[in-house]
Amino acid sequence: MESTSVVSANAALFRPVRAGNAFEETVERLLQAIRLGVVGAGDRLPSERELAERLGVSRVTLREAIRALADAGYVESRRGRYGGTFVNEKLPEPAERAIGQVDPAGLEDALCLRHVLETGAAEAAAARTLSPADRQHLTGTLAEASAASLADYRRKDSRLHLAIAEVTASASLTSTVADARTRVNQLLDRIPLLEPNLEHSNAQHEAIVDAILAGDPVAARQAMAEHIEGTASLLRAFLS
């Protein structure tokens, strides 16, 4: 029987995720459970049905999250009567993906700065009367990001985010966003590219650009906030 403390931690980690970033937060919750020992090395995760119900996600989303963790070396799936998803005996270390350790305070500083800058940039862009060239710049960089290969995705993604800053017509903001994005990319380079996350990011990019083009600052800010919170969840999951 589980102790009270383990049951409490289990309940805290396997609680319903927010709908906006279901895949990313599912990955985060599962990784937290593994790293905190709530599900120990060699142990089996709760059943797919139970996890989906407790996290409040579809079984498709859950399977994508588990597949991402399997690809990253955290879990393995076994078939048969005693099958399921098991935590690997040896877990990968974040430092194995890049030289040097990630400073937790530095991570949070980078994420906070990005949140403030990029939500503000999206809001400011939507509040402006955009020229035809501005609008073409946004739709063009959005199309390039959506069509980018896995190998080229980070660069095209960064270019779209910079385009949003650019159409605010604030050179200072664009420069600062570029600096902040460089810091974030150094962190993103330490974690695996997850295809379900990229698909989700592309949909969120479209929502952000649509809100900007529609001249809706509130919706643009909210869409950007949801988007970067998903990225923050993955960075905390893999690097914290």
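Is Arg78 buried, partly exposed or exposed? I looked this up first, keeping in mind that the model is predicted, and I noted that Arg78 counts as partly exposed because its relative accessibility is 39%.

**Entry: the partner of Arg78.** I found that Arg78 forms a salt bridge with Glu76, the closest N and O atoms being 2.9 Å apart. Glu76 also counts as partly exposed, at 36% relative accessibility.

**Entry: the largest pocket.** By class I noted four nonpolar, five polar and six charged residues in the lining.

**Entry: helix 5.** I checked the length of helix 5, which runs over residues 104–127: its 24 residues should span 34 Å at 1.5 Å a residue, and the end C-alpha atoms are 35 Å apart, so the two agree. I then listed its buried residues, among them Leu107, Leu111, Arg114, Leu117 and Glu118, and saw that the buried residues of helix 5 pack against helix 7, helix 8, helix 9 and helix 10.

**Entry: the second largest pocket.** This pocket has a volume of about 160 Å³, and its lining includes Arg18, Leu111, Arg114 and Glu229. Helix 5 and helix 10 each supply at least two residues of that lining, which divides into four nonpolar, two polar and six charged residues. I also noted that Arg18 and Glu229 are linked with Glu25 and Arg29 in a network of salt bridges.

Entry: Lys156 is buried, with a relative accessible area of 18%, whereas Glu144 counts as partly exposed at 41%. In the other bridge, the closest N and O atoms of Arg154 and Asp189 are 3.8 Å apart, and the pair joins helix 7 to the loop between helix 8 and helix 9, across 35 residues. Arg154 is buried at 16% relative accessible area, while Asp189 counts as exposed at 53%.

Note on methods:
Residues numbered from 1 in each chain as written. Predicted model: local features only at pLDDT ≥ 70, side-chain atom pairs only at ≥ 80, totals over all residues. Heavy atoms only, no water. Helix = DSSP H or I, 4+ residues; strand = E, 2+ residues; numbered from the N terminus. Expected span 1.5 Å × (residues − 1). Buried < 20%, exposed > 50% of the residue type's maximum accessible area, 1.4 Å probe, protein only. Contact = heavy atoms within 4.5 Å. Nonpolar A, V, L, I, M, F, W, Y, C, P; charged D, E, K, R; others polar. 1 Å grid on protein atoms, 1.4 Å probe; cavity = no way out; pocket = protein on both sides within 12 Å on 5 of 7 lines; lining within 4 Å. Points joined across faces, edges and corners; volume = space filled by probe spheres on them. Salt bridge = Lys/Arg side-chain N within 4 Å of Asp/Glu carboxyl O.
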